[in-house]
Amino acid sequence: MATLCFQSPSKPIYNFNSKTKPSKSLITKVSIFKPRASVQSQGLFIATEPEPVFTSVKTFAPATVANLGPGFDFLGCAVDGLGDHVTLHVDPSVRSGDISISEITGTTTKLSFDPHRNCAGIAAMATMKMLGIKSVGLSLALHKGLPLGSGLGSSAASAAAAAVAVNELFGRKLGNDELVLAGLESEAKVSGFHADNIAPAIMGGFVLIRSYEPLDLKPLRFPLEKDLFFVLVSPEFEAPTKKMRAALAKEIPMADHVWNSSQAAALVAAVLEGDVASLGKALSSDKVVEPKRAPLIPGMEAVKKAALEAGAFGCTISGAGPTAVAVIDTVEKGYEIGEKMVEAFSRFGNLKSVASVKRLDKIGARLIKSM
């Protein structure tokens, strides 16, 4: 039987678990993400160094739900009301062309103040490099609204807020594709080279990553007149992205690849049509990633069952976890589902958890204050 190999995140791979040479009809090429991406656009690097148009800016970037079940590493969306803030200002005490992290507050104090080892710092420096900033030093303050290892795109939110802050400070010279590339520099060092968090964190809404070489991002417009709510239940349990990625199978059966591809396509169609029930059905149908990760999160399988029995249209792991995400079309029903999911985490996983019901964030990372 033909299998697909996920042996390396940096090379196209041809794999077959067979002692005989397979027919050409069975060969599938899977191009897993390369360590560098490019964007075909003019002005990836700004020829003339721009001057600051503000002395200080404050930005916000939302939490994100990556994978959405069958869309591993190529589908994600932003959720409203949760996220990180970055305050950035011109600082004469910082060496020209450099950035200093002056403060980290919020949900964690474990992050490094070294900008080369901090997701916000890395993204800010990448954006400064694209803009050609050499004559100004910057100081950055990060307020974490998202806990680390939550499955809600914590690192991506910091990176997105920082990249957008630098871009806004210097007159918004870069577009979304360039800002996503800056964020990918951070994600590659922190959690892996994948854009299913950073792209929706910057762009808002649902985003499909069609390719990385060149970078090709496809916004998926959920109809304005339709209601969609995400039930997010976060247990007191940390699931580091690198650990959860390491748990994935190196090879998958061709049948599972075909199944997941069809479910991802169905999910995209459901988003564009505003069909929340079909969206939930596809969201719940992953046969590749969720089965490997769910057993590593205490109570997750029971939580999914509780959500579906309570009336959720679908439920899966948000990103690498441990947050569970369910979808529904009314806020009242969302809170009922959240209560059942919290009970399941407690009963079957012995974990305390918190539920929230959020809408889709259709804006993405944005400027909220400037001086």
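The accessible surface of the protein comes to about 16,500 Å², and carbon and sulfur atoms account for 53% of that surface. The model is a predicted one. Of its 371 residues, 54% are buried.

**Overall make-up**
- The protein contains 10 helices and 15 strands.
- Among the contacts in the protein with a separation of 6 or more, 75% are between residues 24 or more positions apart.

**Helix 6 and helix 7**
- Helix 6 covers residues 254–273 and helix 7 covers residues 276–283; the two pack at an angle of about 155°, and their axes lie 8 Å apart.
- Angles over 145 degrees count as roughly antiparallel, and helix 6 and helix 7 are therefore roughly antiparallel to each other.
- The crossing of these two helices is left-handed.
- Helix 6 contributes Q263, A266, L267, A270 and V271 to the contact, while helix 7 contributes S278, L279, A282 and L283.
- By type, the residues of this contact comprise 7 nonpolar and 2 polar, with no charged residues.

**Residue S155**
- S155 is located in helix 2, which spans residues 154–169.
- Buried means under 20% relative accessible area; S155 has a relative accessibility of 16% and therefore counts as buried.
- When neighbours within four places in sequence are set aside, S155 is in contact with C119, K144, E187, V190 and S191.

Note on methods. Residues are numbered from 1 along each chain as its sequence is written. This is a predicted model: local features need pLDDT of at least 70, side-chain atom pairs count only at pLDDT 80 or more; totals for chains, interfaces and linings use all residues. Side-chain values use heavy atoms; hydrogens and water are left out. Axes are lines fitted to C-alpha atoms, for helices over the stretch in contact, and angles run from 0 to 180 degrees between N-to-C directions. Helices (H or I, at least four residues) and strands (E, at least two) are DSSP runs, numbered from the N terminus. Angles under 35 degrees count as roughly parallel, over 145 as roughly antiparallel, 65 to 115 as roughly perpendicular and the rest as oblique. A crossing is left-handed if the near helix is turned anticlockwise from the far one by less than a right angle, and right-handed if clockwise. Contact means heavy atoms within 4.5 Å. Ala, Val, Leu, Ile, Met, Phe, Trp, Tyr, Cys and Pro count as nonpolar, Asp, Glu, Lys and Arg as charged, and the others, Gly among them, as polar. Buried means under 20% relative accessible area, exposed over 50%, partly exposed in between (1.4 Å probe, protein chains only). Accessible areas come from the Shrake-Rupley method with a 1.4 Å probe; for residues, only the protein chains shown count as cover.
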